[in-house]
Amino acid sequence: MIVICLEGCHGSGKTQICKEFKEVGFKVLDEAFLDMPTFSLHPQTLTMESIWVSHWISRLLQQQSEDLKNNVPQNEQIYIVDRSPYSAVFYSKRRGELLEPLIQEQIKELA
């Protein structure tokens with residue numbers, strides 16, 4: 001599995017690039033904020049950013065599972081993703097640095 005994460009400020013063109021990748025046949029996972037649950041916490045709290053990271057990984061694994069069921073060879077499992085889990089470290093309003101070691105270990109498990 002190859003995962004290419006596009007990072008950049010809001011309005012920098014990530015969504016447009018994702019659309020172009022999708023048009024030529026790549027599997028694209030969007031930022032997925034619309035799929036996030038709504039709770040009483042601000043969306044950029046450490047808790048909500050943790051949920052977003054878990055959701056990001058879950059969506060990636062679901063896509064990979066679908067590809068495996070369809071006998072897509074591992075070297076052809078290429079996913080373009082609008083933002084990486086590390087975005088949560090940056091966007092968390094408080095103590096986002098606590099997420100970094102967890103994300104590092106989760107990515108090692110995906111490798």
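Helices here are DSSP runs of H or I with at least four residues, strands are runs of E with at least two, and both are numbered from the N terminus. These labels place every residue in the views below, including Arg95 in the loop between H3 and H4. The model is predicted.

**Whole protein: four helices and three strands make up the secondary structure.** From the N terminus, the order of elements is β-α-β-α-β-α-α. The radius of gyration is 14 Å, close to the 13 Å from the globule rule for 111 residues, so the protein is as compact as a globular protein of that length. Along the principal axes, the C-alpha atoms fill a box of roughly 40 × 30 × 20 Å. Among contacts with a separation of 6 or more, 67% join residues 24 or more positions apart.

**Surface and interior: of the 111 residues, 32% count as buried.** The accessible surface is about 7,200 Å². Carbon and sulfur atoms hold 56% of that area.

**Second largest pocket: its volume is about 160 Å³.** Which elements give two or more residues to the lining of this pocket? They are strand E1 (2-6), helix H2 (46-69) and helix H4 (99-110). The largest share, three residues, comes from E1. The lining consists of Met1, Ile2, Val3, Cys5, Trp56, Leu60, Pro85, Ile107, Leu110 and Ala111. By class, that is 10 nonpolar residues, with no polar and no charged ones.

**Asp67: a buried residue in helix H2.** Its relative accessible area is 2%, and the cut-off for buried is under 20%. What does Asp67 contact, leaving aside its neighbours within four places in sequence? The partners are Lys27, Val72, Gln77 and Tyr79.

**Ser58: a partly exposed residue in helix H2.** The relative accessibility of Ser58 is 31%. That value falls between the 20% and 50% cut-offs, so Ser58 is classed as partly exposed. Its C-alpha lies 16 Å from that of Gln104. In sequence, Ser58 and Gln104 are 46 residues apart.

**Asn75: an exposed residue in the loop between H2 and strand E3 (78-82).** Relative accessibility reaches 58% at Asn75. Exposed means over 50%, so Asn75 qualifies.

**Arg83: a residue with positive phi in the loop between E3 and helix H3 (87-91).** Most residues other than glycine have a negative phi. Phi of Arg83 is near 85 degrees. Is Arg83 buried or exposed? Arg83 counts as buried, at 2% relative accessibility.

Arg95 is partly exposed, with a relative accessible area of 40%. Arg83, by its own value of 2%, is buried.

Notes:
Residues numbered from 1 in each chain as written. Predicted model: local features only at pLDDT ≥ 70, side-chain atom pairs only at ≥ 80, totals over all residues. Heavy atoms only, no water. 1 Å grid on protein atoms, 1.4 Å probe; cavity = no way out; pocket = protein on both sides within 12 Å on 5 of 7 lines; lining within 4 Å. Points joined across faces, edges and corners; volume = space filled by probe spheres on them. Nonpolar A, V, L, I, M, F, W, Y, C, P; charged D, E, K, R; others polar. Rg over C-alpha atoms; globule rule 2.2 N^0.38 Å. Buried < 20%, exposed > 50% of the residue type's maximum accessible area, 1.4 Å probe, protein only. Contact = heavy atoms within 4.5 Å. Areas by Shrake-Rupley, 256 points an atom, 1.4 Å probe, with all protein chains shown as cover.
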